[in-house]
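This briefing covers a single protein chain, with points grouped by topic. Please look over the sequence and the structure first.

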Amino acid sequence: EQHTIVLPGGASASKADLPGFYNPSPLNPEVELSLYVLYEFNGVLHEVLVGDRETLSLPYRRHAIHAGKAPRGPFSPSNVAMLRDGD
């Protein structure tokens, strides 16, 4: 069983084109878009920040948040608590 998620990147592969995603600044081509992902894999929280047109592959050990550390990205603290508590 493979536990892998891949969102391909490339010049014509904006994350804003995926169902459920959008570009919050569609009229400003100078804005660099990125996607922050906070996820749990095998009981360990992981996080990654990927550019809009970069390939996103999950999971990776380098995304792991070490015990005792808090995620750095934009998130609701209550969401992190919910993930950690398993609710």
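Pro59 sits in the loop between β4 and α1, where helices (H or I, at least four residues) and strands (E, at least two) are DSSP runs, numbered from the N terminus. The peptide bond that joins Leu58 to Pro59 is cis, with omega at about -10°. This is a predicted model: local features need pLDDT of at least 70, side-chain atom pairs count only at pLDDT 80 or more, and totals for chains, interfaces and linings use all residues. Residues are numbered from 1 along each chain as its sequence is written, and side-chain values use heavy atoms, with hydrogens and water left out.

**Overall layout**

- The protein has 1 helix and 4 strands, and along the sequence they follow the pattern β-β-β-β-α.
- The C-alpha trace spans about 40 × 30 × 20 Å along its principal axes.
- Of the 87 residues, 26% count as buried; buried means under 20% relative accessible area, exposed over 50%, and partly exposed in between (1.4 Å probe, protein chains only).
- Contact means heavy atoms within 4.5 Å. Among contacts between residues at least 6 apart in sequence, 46% join residues at least 24 apart.
- The accessible surface comes to about 6,600 Å², and 53% of this surface belongs to carbon and sulfur atoms. Accessible areas come from the Shrake-Rupley method with a 1.4 Å probe; for residues, only the protein chains shown count as cover.

**Charges and the salt bridge**

- There are 7 positive and 10 negative side chains, and the centres of the two sets lie 8 Å apart. Lys and Arg count as positive and Asp and Glu as negative, while His and the chain ends are not counted. The place of a charge is taken as NZ of Lys, CZ of Arg, CG of Asp or CD of Glu.
- The structure holds 1 salt bridge, defined as a side-chain nitrogen of Lys or Arg within 4 Å of a carboxyl oxygen of Asp or Glu.
- Arg72 and Glu47 form a salt bridge, with their closest N and O atoms 3.6 Å apart. Arg72 lies in the loop between β4 and α1 and Glu47 in strand β3, so the pair ties together parts that are 25 residues apart in sequence.
- Arg72 is exposed, with a relative accessible area of 64%, whereas Glu47 counts as buried at 7% relative accessibility.

- Lys15 is in the loop between β1 (5–7) and β2 (34–41).
- Lys15 is buried but has no salt bridge; Asp52, the nearest side chain of opposite charge, is 5.5 Å away.
- A polar atom of the Lys15 side chain lies 2.5 Å from the backbone oxygen of Glu54.
- Beyond its neighbours within four places in sequence, Glu54 is in contact with Leu7, Pro8, Gly9 and Lys15. Glu54 and Val6 are 48 residues apart in sequence and 11 Å apart in space, C-alpha to C-alpha.
- Ala13 is also placed in the loop between β1 and β2. Not counting residues up to four places away in sequence, Ala13 touches Pro8, Asp52 and Arg53.

**Other loop and strand positions**

- Asn42, in the loop between β2 and β3 (44–51), has phi near 50°, a positive value in a residue other than glycine. At 67% relative accessibility, Asn42 counts as exposed.
- Arg61 is found in the loop between β4 (56–58) and α1 (77–85) and counts as exposed, at 81% relative accessibility.
- Leu38 lies in strand β2 and counts as partly exposed, at 22% relative accessibility.

**C-alpha to C-alpha separations**

- Arg61 and Ser25 are 36 residues apart in sequence and 32 Å apart in space.
- Ala13 and Pro77 are 64 residues apart in sequence and 31 Å apart in space.
- Leu38 and Glu54 are 16 residues apart in sequence and 17 Å apart in space.

Terms used. Polar contact = N/O pair within 3.5 Å; in protein donor to acceptor, adjacent residues only side chain to side chain.
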